[in-house]
Amino acid sequence: MNSTVATLTARSLLGRRRTLVLLLLPLALLALCTLARVLAGLDPDIERDLEGPLAPDLLGAFGIAVLMPLLSLIAGTGSIGPEIDEGSIVYLLAKPLNRHSIVVTKLLVAIGVTVAFGVLPIAVAGVVLTGEVGTVTLAYAAGALVAGVAYCAVFLLLAVVSRNAVVIGLIYALVWESLVGAVVPGAQSLSIQQWSLSVVQRALGDSARRSGIEAAVGFGVGTLLLAVVTVTATTLAGRRLQTLRLNQSE
Amino acid sequence: MSAVEIDQVSRWFGNVVAVNDITMRLDAGVTGLLGPNGAGKSTLIHLMAGFLAPSAGTVTLDGEPVYRDPEIYRRVGLVPEREEMYDAVNGWSFVLANARLHKLRDPESAARRAIATVEMADSQHRDIRGYSKGMKQRIKMATAIVHDPAVLLLDEPFNGMDPRQRLHLMELLDRLGAEGRTIVFSSHILEEVEQIAGRIEVMVAGRHAASGDFREIRRLMTQRPHQYTIQSSDDRALASALIAQPSVSGVELTSGTDGSIVAVQATDFAAFVHALPRVAAREGIRLLEVRPADESLESVFAYLVAR
């Protein structure tokens, strides 16, 4: 961890216009959950739903399946991709710094951003929906956190190896995880979303089945895969940064 | 004192050979890397800076290979050609961040010193995105010298500078070179290079075309065969008078759009430009137009390669 790299990364990440999206997504989630809460006050049926499957549905379907991959995509690729495209990464690379420490620092900044704009809003949404800092809130916050860490690591690696990291990341998150995963059961086993859902399922305990939550993999396999993917992606990104070819005019 | 040694280095990208079997040693003092655009100068600087692996040969700094060794940056400063920096910060913060990334003992003093050296103290608290091209170039320079490196590599540092800034940078490089640092900068403008470079290495199409001090390079460039086209009041008489001159190796009478033209090949540029008006005056011929046919930098470089 290098505090100067972290500061430069945070300032350039949060100083970009696309960062506005970072704010829009959690605001949309909070607005949706607040609306559900208000409607529950007016309609007993909705209130029954809210106490049953509606809260997990909203936090899972919007929070973990949409908010976290998109936020992590912006934060993970944005923490290093633009610097590589513009060539300003040279100011970090022409320094006596370990390449892995640059990558780890940037990953930590990206994770920090996803926690601030993703995990915390999901926790707040959980409180709005359930009215308490209970199991549901904590389970989804934990699931969002592990998903954010793994997504950020993968998207950061993508940004180091490809200039089309955002497109590839979107295809992975939206097409593979959501579309293919919904049709082809096997595809769900290779999905960060499902691995983090296994953490949510474990944290919810018995109530998971009542809410219809069933991850494609077990808790042990899920956490193992999350850890392996995070560590492998971070190591590969560091290695790739050692041999990164800078853009040049000739 | 540090020396960069390039030994039989080639670098290719797919089918394109960017640097072709180059051997040179760069010692203390200012060396200009001269060549037209696309000659492979930037690739060579990236090889020296340890950002590119040579496809063949070795690049070493004081005997140690530079590729994939971040420790060399304690002794090497780099001014990249591209302008982009961390635009959201101001000049002072950026130079200070560079000093901190070098883990200097007193980064604030180092940053202050570097900014004063490039004369940016007045504008240091403005955001980089508001800087002019010349100001950006100077802040880039400050980040490269903040750790007092023994070797300074600059990729087209004069691009976008106005004459005053250019002069200032030239004086600065001259001073840094005189202090015993190894300074290497690339340029495609001979006049720029010859003003400050004690040594010039000429690159053309990836190859090392010539090497020497500016006098040698100037001589090579001016003593090459020069082509001229001349229109006069009596082309045939001029042609026969010119072929008698020792500085002329060939004369051809051709017809152009405005009548006939004398195409002359001169072997000695200085002697020919001296002789031409005298010959014309002696023969009573009026010179209507004298036009150098191949003065483009590319043709000068092409000659050096074919030599």
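Leu153(B) touches Ile45(B), Met48(B), Ala49(B), Val76(B), Leu78(B) and Val184(B), leaving aside residues up to four places away in sequence; two residues count as in contact if their C-beta atoms, placed from the backbone, lie within 7 Å. The model is a predicted one, in which local features need pLDDT of at least 70 and side-chain atom pairs count only at pLDDT 80 or more, while totals for chains, interfaces and linings use all residues. Residues are numbered from 1 along each chain as its sequence is written, and chains are lettered from A, with ligands numbered from 1, in the order in which they are written.

Leu153(B) belongs to the largest nonpolar core, which has 153 residues, and is one of those that touch the most other members, together with Cys152(A), Leu156(A), Met48(B), Val95(B) and Ala142(B). Such a core is a set of buried Ala, Val, Leu, Ile, Met, Phe, Trp, Tyr and Cys residues joined through C-beta atoms within 7 Å, where buried means that 20 or more other C-beta atoms lie within 10 Å of the residue's own. Helix H7 of chain A, residues 135–161, gives the largest share of this core, 20 residues; helices (H or I, at least four residues) and strands (E, at least two) are DSSP runs, numbered from the N terminus. Apart from this core lies another of 13 residues, including Ile230(B), Ile261(B), Val262(B) and Phe272(B).

Chain B also holds an open sheet of 6 strands, in the order E6-E7-E8-E3-E9-E10 and with mixed pairing, two strands being paired if DSSP finds at least two bridges between them. Its edges are E6 (76–79) and E10 (207–212), each of which pairs on one side only. Neighbouring strands are turned by 15° against each other on average, direction ignored. Within the sheet, E3 (residues 29–34) and E9 (residues 199–204) of chain B pair in the parallel sense over 4 bridges, and Leu34(B) has Val202(B) as its bridge partner in E9(B). Helix H4 of chain B (residues 133–145) packs on this sheet, where it touches E6 and E7 (151–154), and its direction makes about 170° with that of E6(B); axes are lines fitted to C-alpha atoms, for helices over the stretch in contact, and angles run from 0 to 180 degrees between N-to-C directions.

Another open sheet of chain B has 4 strands, in the order E2-E1-E4-E5, with antiparallel pairing. Strands E1 (residues 4–13) and E2 (residues 16–26) of chain B are joined by 7 bridges, with Phe13(B) opposite Val16(B). These two strands form a hairpin with 2 residues between them, and Gly14(B) in the turn has a positive phi of about 60°. Strand E4 (residues 56–61) of chain B is joined to E5(B) by 2 bridges, and Leu61(B) stands opposite Glu64(B). Helix H1(B) packs on this sheet, touching E1, E2 and E4 of chain B.

Where the chains meet, the contact takes 30 residues from chain B and 24 residues from chain A. Helices H1 (41–48) and H2 (91–101) of chain B each supply at least two residues of the side that touches chain A.

In chain A, the buried residues of helix H11 (residues 219–242) include Gly222(A), Leu226(A), Thr230(A) and Leu241(A). The buried residues of H11(A) pack against H6 (99–130), H7 and H9 (192–204) of chain A.

Terms used:
Buried ≥ 20, exposed ≤ 12 C-beta atoms within 10 Å, placed from the backbone.
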